[in-house]
Amino acid sequence: MATETAELTITKRQLILRDSLAFLTLLAITIVLFGVTLLLFRSFEEHRAELARRWATRGRDAFNNRHPEQAISALRTALSYAPGEISYETLLAESLAQAGRTDEAYNYFLGLWEARPGDGFLNLQLARLAATRKDVDRAIHFYRSSIYGTWEGDGVQRRREVRLELARYLIEQHQFEAARTELLIADGNAPEVPGLNMTLAQMLEQAQAPADALKLYRKAIAQEPNNAAALGAVGRLAFEQHLFATSRSLLERALRTTHDPQQAQQLNALMAQIQRIQQLDLAETLPVRERVERILAERGTARKRLQDCITSTFSATEPLQLLTDRWTAAEKITRPVLLQNPDQQTAMVQLIYDTEVATNQHCGPPTGDDALLLALAQARTTALEGADHP
């Protein structure tokens with residue numbers, strides 16, 4: 001009985017040992033197969049990733065060389081090997097935009113934007129595409145979202161650049177007040193960047209904000225006293241505001257510092273106008289005889305302008321008829337009368353200026369001396385208004 005028990009125990013041990021060996025063998029085979037499978041899988045994935053990188057590089061090169069259709073094809077192939085790769089998807093959307101496939105690009109960027117609505121770059125691309133699609137409201141919305149979005153790298157500079165781009169777009173849309181606001185914010189947030197004051201000033205002029213532009217031109221001059229472009233711009237604005245003496249002083253400074261022949265030509269042309277204005281000026285501070293001679297010469301210029309205006313309109317409107325009646329009465333005023341009567345001088349000067357203003361309103365902008373007399377008339381009106389409202 002004891003012998004049978006011992007044999008049974010030995011048999012069980014042999015079976016357990018055999019089963020263990022079989023299990024260990026199967027386990028080892030499984031591990032080897034898993035390792036081989038993992039190695040093959042990793043090799044396959046690495047091969048796919050390498051193919052994706054190669055196609056993406058081809059796409060990026062094609063994009064940089066402005067071959068968008070080739071870029072689109074290569075990037076779509078890259079995405080087939082690396083689905084969902086953000087950098088490839090973004091470049092594909094840019095390539096669609098570069099190819100002029102605006103709606104496809106817009107929808108593609110919109111899909112990317114839904115996952116990252118605060119991304120400054122995506123908002124900027126959507127703003128540009130919306131502008132191309134003439135969707136003004138959405139373009140402005142995306143521009144502003146881009147300004148307040150997140151940026152990699154120098155976010156301050158990128159936001160400023162986007163704000164300036166938005167201002168240019170608003171100017172194109174004739175939304176001048178909104179553009180002015182963006183430019184003034186850019187000025188308030190801007191560090192002392194060389195040339196930025198000039199850029200902002202020029203854009204403020206385009207936004208029909210000459211007073212703000214003038215301040216920034218002066219800031220540019222304070223930074224660079226010999227900045228010929230800024231000096232010329234301030235001189236031109238002073239001329240437009242009928243500050244002829246100030247304008248002449250600034251233009252002379254600009255001419256002394258400029259090295260640009262084209263700018264020098266423009267400045268000289270404006271200087272010639274100012275010099276002629278000073279020759280035409282009918283200021284009360286002139287010597288009496290000189291003032292009377294100028295009045296008599298300019299009386300003929302203004303009278304001819306009125307006659308030409310009536311002829312071009314084929315009839316005299318009520319304001320022009322009233323001027324004609326005043327001129328008829330003024331024909332009795334001779335040189336001796338003017339020399340002896342300052343009030344008559346003042347009345348004749350007023351008639352000359354009233355004629356230039358009225359004919360400008362009824363017959364369009366004048367040229368030559370008439371244009372300069374009109375500038376003198378407007379300068380006088382501005383001066384009188386300033387005296388009334390100190």
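Trainee: What lies over the face of Tyr106?
Mentor: Arg133 does, at 4.1 Å from the ring centre. Keep in mind that this is a predicted model. Arg58 also lies over a ring face, that of Trp55, at 4.3 Å from the ring centre.

Trainee: OK, rings with rings now. How many aromatic pairs are there in the whole structure?
Mentor: A search finds three. In one of them, the ring centres of Trp113 and Phe142 are 5.9 Å apart and the planes are at 85 degrees, so we call that pair edge-to-face.

Trainee: And where do Trp113 and Phe142 lie?
Mentor: Trp113 is in helix 4 and Phe142 is in helix 6, so the pair ties together parts 29 residues apart in sequence.

Trainee: Is Phe142 buried or exposed?
Mentor: Buried, with a relative accessible area of 1%. Trp113 is partly exposed, at 22%.

Trainee: Let's stay with helix 6. Which of its residues are buried?
Mentor: Ala139, Ile140, Phe142, Tyr143, Ser146 and Ile147. Seen down the helix 6 axis, they fall within an arc of 165 degrees, so they line one face.

Trainee: What do they pack against?
Mentor: Helix 4, helix 5, helix 7 and helix 8.

Trainee: Switching to the largest nonpolar core: which residues touch the most other members?
Mentor: Leu183, Tyr217, Phe244, Trp327, Met348 and Ile352, out of 99 residues in that core. Helix 7 gives the largest share, seven residues.

Trainee: What is Met348 in contact with, leaving aside its neighbours within four places in sequence?
Mentor: Its contacts are Ile295, Arg299, Trp327, Ala330, Ile333 and Leu338.

Terms used:
Residues numbered from 1 in each chain as written. Predicted model: local features only at pLDDT ≥ 70, side-chain atom pairs only at ≥ 80, totals over all residues. Heavy atoms only, no water. Core = buried A, V, L, I, M, F, W, Y, C linked by side-chain atoms within 4.5 Å. Buried < 20%, exposed > 50% of the residue type's maximum accessible area, 1.4 Å probe, protein only. Helix = DSSP H or I, 4+ residues; strand = E, 2+ residues; numbered from the N terminus. Contact = heavy atoms within 4.5 Å. Arc of directions from axis to C-beta. Phe/Tyr/Trp six-rings, centres within 6.5 Å; stacked < 30°, edge-to-face > 60°. Lys NZ or Arg CZ within 6 Å of the ring centre and 35° of its normal.
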